[in-house]
Amino acid sequence: MNLDYSDGKPKQYMIFLTVVTSGEAEDPLQKAKESVDAACARGYQAIFSEHSKWWHDFWGKSFIELDDDFIENLWYFQLYQFASSSRGKIAPGLQGLWYLRDESGWHGDYHGDINMVMSYWPIFSSNHLELGEPYFETFYKMLPTVKRQTKEFYNIDGAKYPIATIIDSGREICTNYYRYIQCSSGFYAQLYWWGYLYSQDKKFLRERAYPVMKECAKFYQGYLSKDEQGKHYIYPSWSPEQGPLFSKNPTIDIALIKALLRGTIEASKILSVDQKERHGWQKILDNLPEYPVKDNMFLDSASVDT
């Protein structure tokens, strides 16, 4: 509310604000005007009541109680920040809304080497699967662009999600050796499978999760090579910012490929689809290499100088 004393008497004004991006509408200005008009028609009290009810229901879904008050309050504060950022149809960028500098690091893009997925891990333990909807919509919507780009860059079918992409795009914006990080599709697809396991929603599995998982599995199927013993291996690759560049069999790649193939095979059985592809995925799964290990410790990759 703004107070106007120009004629000596206070007057009150109700100000309605909205933000619309090009990722949400072809004509953001027109969409913003429509949103404001709709808000004015509903009125402040109706909007505030809906807002209050949303937060009341939100906090009723989970809670924690810890001996350390600081850690406990930090959990609630971070959950509040996440709920304020991850709503609607577009996932927040790398730093979300909460960043102390004028410009967020890496321009607030989507980082696929763990950052974006890691941000969404809490939706399960906090019982707030609804906060994952922007993620599920955003990266599903990218799928056609990612598939075209994968064909252009690798000349194979499937979806290799970029290590870095701008919001609501899917276009690879990384250059140089970062493009050799091959774990991104495994990371992005994993959250879709977890989303199904948590919700048991077959409609979500059929319409969102499985299409992404299947195309990611197809990428690895086309990218993997075979050695003389018939074992699959992945090269060239790079464990994100760890170990030698142009690595063979990064541990993180093998782990995520295994998880992806197991989930995709199980999803195809649940949906009763792609029996032929399922057999191919199982053959790959049965012939993936062991994790690189030395002295009972996992190595970044099989290319580590031992």
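In this predicted model, residues 24 or more positions apart account for 59% of the contacts in the protein with a separation of 6 or more. The protein has 306 residues, of which 41% count as buried. Its C-alpha atoms fill a box of roughly 90 × 45 × 40 Å along the principal axes. Eleven helices and eight strands are present in the protein.

In soluble globular proteins, nonpolar side chains tend to be buried together. The largest nonpolar core here contains 60 residues, and Y135, F139, Y161 and Y192 touch the most other members. Helix 9 (residues 202-223) supplies the largest share of this core, eleven residues. Leaving aside residues up to four places away in sequence, F139 touches A91, Y110, M116, Y161, Y188 and Y192.

**Helix 10 and helix 11**

Two packed helices are described by the angle between their axes and the distance between the axes. The axes of helix 10 and helix 11 come within 10 Å and cross at roughly 155 degrees. Angles over 145 degrees count as roughly antiparallel, and helix 10 and helix 11 are therefore roughly antiparallel to each other. The crossing of helix 10 past helix 11 is left-handed. The table lists the residues that make the contact.

| Helix | Residue range | Residues in the contact |
|---|---|---|
| Helix 10 | residues 251-271 | K258, L261, R262, T264, I265, S268, K269 |
| Helix 11 | residues 275-286 | R278, W281, Q282, I284, L285 |

By class, the contact of helix 10 with helix 11 consists of five nonpolar, three polar and four charged residues.

Notes
Residues are numbered from 1 along each chain as its sequence is written. This is a predicted model: local features need pLDDT of at least 70, side-chain atom pairs count only at pLDDT 80 or more; totals for chains, interfaces and linings use all residues. Side-chain values use heavy atoms; hydrogens and water are left out. Axes are lines fitted to C-alpha atoms, for helices over the stretch in contact, and angles run from 0 to 180 degrees between N-to-C directions. Helices (H or I, at least four residues) and strands (E, at least two) are DSSP runs, numbered from the N terminus. Angles under 35 degrees count as roughly parallel, over 145 as roughly antiparallel, 65 to 115 as roughly perpendicular and the rest as oblique. A crossing is left-handed if the near helix is turned anticlockwise from the far one by less than a right angle, and right-handed if clockwise. Contact means heavy atoms within 4.5 Å. Ala, Val, Leu, Ile, Met, Phe, Trp, Tyr, Cys and Pro count as nonpolar, Asp, Glu, Lys and Arg as charged, and the others, Gly among them, as polar. A nonpolar core is a set of buried Ala, Val, Leu, Ile, Met, Phe, Trp, Tyr and Cys residues joined through side-chain atoms within 4.5 Å. Buried means under 20% relative accessible area, exposed over 50%, partly exposed in between (1.4 Å probe, protein chains only).
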